[in-house]
Amino acid sequence: MEQEFMIRRMEMKDLDDIEEVEQLSFPTPWSRESFINELKNNVFARYFVIEKDKRVIGYGGMWLVLDEAHITNIAIHPDYRGLRLGERLMRRLMGLAIRSGAASMTLEVRKSNEVAQRLYRKLGFVEEGVRPGYYTDNGEDAIIMWATLKENICETETFDL
């Protein structure tokens with residue numbers, strides 16, 4: 001029987017699958033050491049994975065600082081894109097941010113990534129500025145987006161904070 005998609009906290013054992021998704025998703029992927037540091041040393045970091053049949057096929061993370069949440073990265077394996085998994089993951093992150101006391105959330109997105117921008121707008125994000133030359137691989141600008149967090153837009157499954 002086929003297992004449904006499940007969202008859970010990221011663990012060290014997930015890093016091989018995370019690296020694969022990262023390599024397939026970004027021209028300048030985060031290193032394994034970056035993820036290790038986020039999981040072990042960053043008290044502000046919260047990371048989740050989405051898995052199917054015990055294989056991690058996507059992940060997302062944020063930093064929770066005072067009353068703001070900052071999405072650090074989110075990616076879905078190319079074979080599973082278009083299934084609204086990124087939206088589910090974002091809604092879960094937004095729910096945790098609300099329960100942790102955050103009132104707003106921010107992120108940066110490539111100017112050329114219109115698919116992601118549509119998702120973020122659907123979730124209530126609006127463009128608030130631009131970071132010129134933000135992406136080091138090609139000097140592309142990043143659009144800065146912000147959202148006011150609202151309970152009704154989030155998945156609210158409980159996780160330990």
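**Reading a predicted model, feature by feature**

Me: Which residues of helix 1 are buried?

Reply: The buried ones in helix 1 are Leu15, Ile18, Val21 and Glu22. They all sit on the same side of helix 1, because the arc they cover around the axis is only 120°. Keep in mind as we go that this is a predicted model.

Me: What is the general idea behind that spacing in a helix?

Reply: An α-helix has 3.6 residues a turn, so residues three or four places apart point the same way. With that in mind, turn to the other side of helix 1: Asp16 and Gln23 are exposed there.

Me: What covers the buried residues of helix 1?

Reply: The cover includes helix 2 (32-41), together with strand 2 (45-52), strand 3 (55-65) and strand 4.

Me: Let me try another helix. Which residues of helix 4 are buried?

Reply: Helix 4 spans residues 114-122, and its buried residues are Ala116, Gln117, Leu119 and Tyr120. These cover an arc of only 160° around the axis, so they are on the same side of helix 4. Facing away from that buried side are the exposed residues Glu114 and Val115.

Me: And what covers the buried residues of helix 4?

Reply: Strand 4 (68-76), helix 3, strand 5 and strand 7 are among the parts that do. Look just past the end of helix 4 as well: glycine 124 takes a positive phi of about 100° there.

Me: Where do arginine 91 and glutamate 87 lie relative to each other in helix 3?

Reply: They are four residues apart in helix 3 (residues 85-99), so about one helical turn separates them. The pair forms a salt bridge, with the closest N and O atoms 2.8 Å apart. Both arginine 91 and glutamate 87 are buried, and for glutamate 87 the relative accessible area is 8%. Leaving aside neighbours within four places in sequence, glutamate 87 is in contact with Leu119, Lys122 and Leu123.

Me: Which residue forms a salt bridge with aspartate 137?

Reply: Arginine 110 does, and their closest N and O atoms are 2.8 Å apart. Aspartate 137 lies in the loop between strand 6 (126-131) and strand 7 (142-148), while arginine 110 belongs to strand 5 (residues 104-110), so this pair ties together parts that are 27 residues apart in sequence. Aspartate 137 is partly exposed at 34% relative accessibility, whereas arginine 110 is buried, with a relative accessible area of 15%.

Me: Which residues do salt bridges with shared partners join into one network?

Reply: They are Arg8, Glu11, Lys13, Asp14 and Glu51.

Me: Next, empty space. What shows where it is left?

Reply: Rolling a probe the size of a water molecule over the atoms shows where empty space is left. In this model, the largest pocket holds about 1200 Å³ of space. It is lined by 37 residues, and the closest to its centre are Phe26, Asn73, Ile74, Asn113 and Tyr120.

Me: Which elements give two or more residues to that lining?

Reply: Helix 1 (15-25), strand 4, helix 3, strand 5 and helix 4 do. Strand 4 gives the most, with seven residues. Sorted by class, the lining has 19 nonpolar, nine polar and nine charged residues.

Me: Where does phenylalanine 26 lie?

Reply: Phenylalanine 26 is in the loop between helix 1 and helix 2. Its relative accessible area is 28%, so phenylalanine 26 is partly exposed. Not counting residues up to four places away in sequence, phenylalanine 26 touches Tyr59, Ile74 and Ala75.

Notes:
Residues numbered from 1 in each chain as written. Predicted model: local features only at pLDDT ≥ 70, side-chain atom pairs only at ≥ 80, totals over all residues. Heavy atoms only, no water. Salt bridge = Lys/Arg side-chain N within 4 Å of Asp/Glu carboxyl O. Buried < 20%, exposed > 50% of the residue type's maximum accessible area, 1.4 Å probe, protein only. Arc of directions from axis to C-beta. Contact = heavy atoms within 4.5 Å. 1 Å grid on protein atoms, 1.4 Å probe; cavity = no way out; pocket = protein on both sides within 12 Å on 5 of 7 lines; lining within 4 Å. Points joined across faces, edges and corners; volume = space filled by probe spheres on them. Nonpolar A, V, L, I, M, F, W, Y, C, P; charged D, E, K, R; others polar.
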